[in-house]
Amino acid sequence: MDLVLLAICIVLAFTAPNFLSLENFLNILRAVSMMGLIAFGMTMVIISKEIDLSVGSAVALSGCIAARLMQMGVPIPLAMVITLVTGALIGAFTGFIRVKFEVPSFITTLALFTAERGVALMITNGFPIAITSEWYAFLGGGYVFGIPFPAIIFIIAFAAIHFLMKYTVFGGEVYAVGGNDEAARLSGINVGRVRILVFSITGGLAALSGLLMSSRIASGSPTLAMGLELDVIAAVIIGGTSFTGGIGTVRGTLIGVLFIGVITNGMTLLNLDVYFQYIVRGGLILAAVLANRLQEVKK
């Protein structure tokens with residue numbers, strides 16, 4: 001996939017105006033950073049042979065919670081902490097339902113997908129809540145040494161999740177649970193704890209993404225991040241993570257996230273029709289997934 005991404009970049013370098021500029025690369029990083037944060041968590045979820053369809057709604061709900069708390073006069077740092085903790089707890093609740101009642105995560109998160117969007121509509125009465133703080137606006141729109149702040153958060157999250165999955169006992173347990181949960185259980189791994197933690201981490205990352213997005217648009221909107229879960233899952237699968245569990249890397253997901261960001265940016269620079277962009281984007285994602293699948297079969 002690295003070579004495919006490189007080939008697309010070379011083609012765009014010769015066809016899309018300003019594609020090779022530093023400003024454009026920073027724009028790509030900023031555009032993918034909020035989706036990428038969740039993709040890193042989703043990688044852990046899919047490696048453990050689960051799925052989370054509720055992340056888009058979780059992003060919208062988190063932005064609305066933060067905006068409502070600020071509107072009520074809660075100090076911004078405290079509102080952010082409450083939002084992040086709420087996101088992690090919702091994720092933990094998802095994992096708990098999956099483990100305790102053995103309900104497939106597809107069903108559990110599909111229900112949350114609807115419920116969380118409903119709660120977001122309820123606490124906002126269906127209308128965006130404006131956020132006027134300049135300090136808060138920096139989170140989604142500010143720069144540090146010329147680098148968009150969300151891109152810095154994105155890079156830090158990548159490093160942290162990559163380290164967690166590759167160099168810690170917990171990372172090994174996630175792979176073991178996804179590879180064969182019964183064998184993992186017999187070897188002494190607490191399978192339930194692992195599943196609850198991966199959902200909790202993903203919930204926390206979705207909440208963080210919600211804070212950044214609401215900062216970017218200066219409001220908490222119940223319609224934010226519609227369909228985001230599909231981009232997140234596509235990025236993870238493009239990056240080589242297997243739906244059958246036990247296989248995948250956070251580095252691969254980083255490539256998948258950049259793949260989606262580059263083709264979206266390239267088509268915008270080429271001024272392609274928006275409807276046509278959907279078709280091309282879907283076709284390229286399908287081709288990338290098929291290429292990964294063929295690689296798996298050859299192995």
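**Figure 1. Glu102 in the loop between H4 and H5.** In this predicted model, Glu102 sits in the loop that links H4 to helix H5 (105–124). Its backbone stands out: phi of Glu102 is positive, about 55°, although the residue is not a glycine. The side chain belongs to an exposed residue. Glu102 has a relative accessible area of 64%, and the cut-off for exposed is over 50%, so Glu102 counts as exposed.

**Figure 2. Asn125 in the loop between H5 and E1.** Asn125 lies in the loop that joins H5 to strand E1 (129–130). Phi of Asn125 is also positive, near 60°, in a residue other than glycine. Buried or exposed? Asn125 is exposed, because its relative accessible area is 60%.

**Figure 3. The largest cavity and its lining.** The structure holds 1 cavity of 30 Å³ or more. The volume of the largest cavity is about 120 Å³. Its lining has 18 residues, and those closest to the centre are Ala58, Gly87, Ile90, Glu116 and Gly203. Which of the elements gives the most to the lining of the largest cavity? H4 does, with 6 residues. By class, the lining of the largest cavity has 7 nonpolar, 9 polar and 2 charged residues.

Figure 4. The largest pocket and its lining. The largest pocket holds about 490 Å³ of space. It is lined by 23 residues, of which Ala31, Val32, Met35, Asp231 and Thr264 are the closest to its centre. Which helices supply at least two residues each to the lining of the largest pocket? They are helix H2 (22–47), helix H10 (191–217), helix H11 (228–238), helix H12 (250–269) and helix H13 (274–298). The lining of the largest pocket divides into 14 nonpolar, 5 polar and 4 charged residues. Packing of H2 against H11. Two packed helices are described by the angle between their axes and the distance between the axes. For H2 and H11, the angle is about 60°. The axes of H2 and H11 are 9 Å apart. What is the relation of H2 and H11 to each other? Angles of 65 to 115 degrees count as roughly perpendicular and those under 35 as roughly parallel. H2 and H11 are therefore oblique to each other. The crossing of H2 and H11 is right-handed.

Figure 5. How many of the 11 residues of H11 are buried? The count is 9, so H11 is largely enclosed by the rest of the structure. The buried residues of H11 are Leu228, Glu229, Val232, Ile233, Ala234, Ala235, Val236, Ile237 and Ile238. Glu229 is one of them. Gly240 follows H11, and its phi is positive, near 100°.

**Figure 6. Gln295 in H13.** Gln295 is part of helix H13. Gln295 counts as partly exposed, because its relative accessibility is 46%. Gln295 and Gly240 are 55 residues apart along the chain. Their C-alpha atoms are separated by 9.4 Å.

**Figure 7. Gly246 in the loop between H11 and H12.** Gly246 lies in the loop that runs between H11 and H12. What is the relative accessible area of Gly246? The value is 22%, so Gly246 is partly exposed. The cut-off for buried is under 20%. Gly246 and Val174 are 72 residues apart along the chain. The separation of their C-alpha atoms is 7.6 Å.

**Figure 8. Leu3 in H1.** Leu3 has its place in helix H1 (residues 2–15). Leu3 counts as exposed, because its relative accessibility is 68%. Leu3 and Leu269 are 266 residues apart along the chain. Their C-alpha atoms are separated by 22 Å.

Methods: Residues are numbered from 1 along each chain as its sequence is written. This is a predicted model: local features need pLDDT of at least 70, side-chain atom pairs count only at pLDDT 80 or more; totals for chains, interfaces and linings use all residues. Side-chain values use heavy atoms; hydrogens and water are left out. On a 1 Å grid over the protein atoms alone, a cavity is a set of points where a 1.4 Å probe fits but cannot get out, and a pocket is an open set with protein on both sides within 12 Å along at least five of seven lines; lining residues have an atom within 4 Å of a point. Grid points are joined across faces, edges and corners, and a volume is the space filled by probe spheres set on the points. Helices (H or I, at least four residues) and strands (E, at least two) are DSSP runs, numbered from the N terminus. Ala, Val, Leu, Ile, Met, Phe, Trp, Tyr, Cys and Pro count as nonpolar, Asp, Glu, Lys and Arg as charged, and the others, Gly among them, as polar. Buried means under 20% relative accessible area, exposed over 50%, partly exposed in between (1.4 Å probe, protein chains only). Axes are lines fitted to C-alpha atoms, for helices over the stretch in contact, and angles run from 0 to 180 degrees between N-to-C directions. Angles under 35 degrees count as roughly parallel, over 145 as roughly antiparallel, 65 to 115 as roughly perpendicular and the rest as oblique. A crossing is left-handed if the near helix is turned anticlockwise from the far one by less than a right angle, and right-handed if clockwise.
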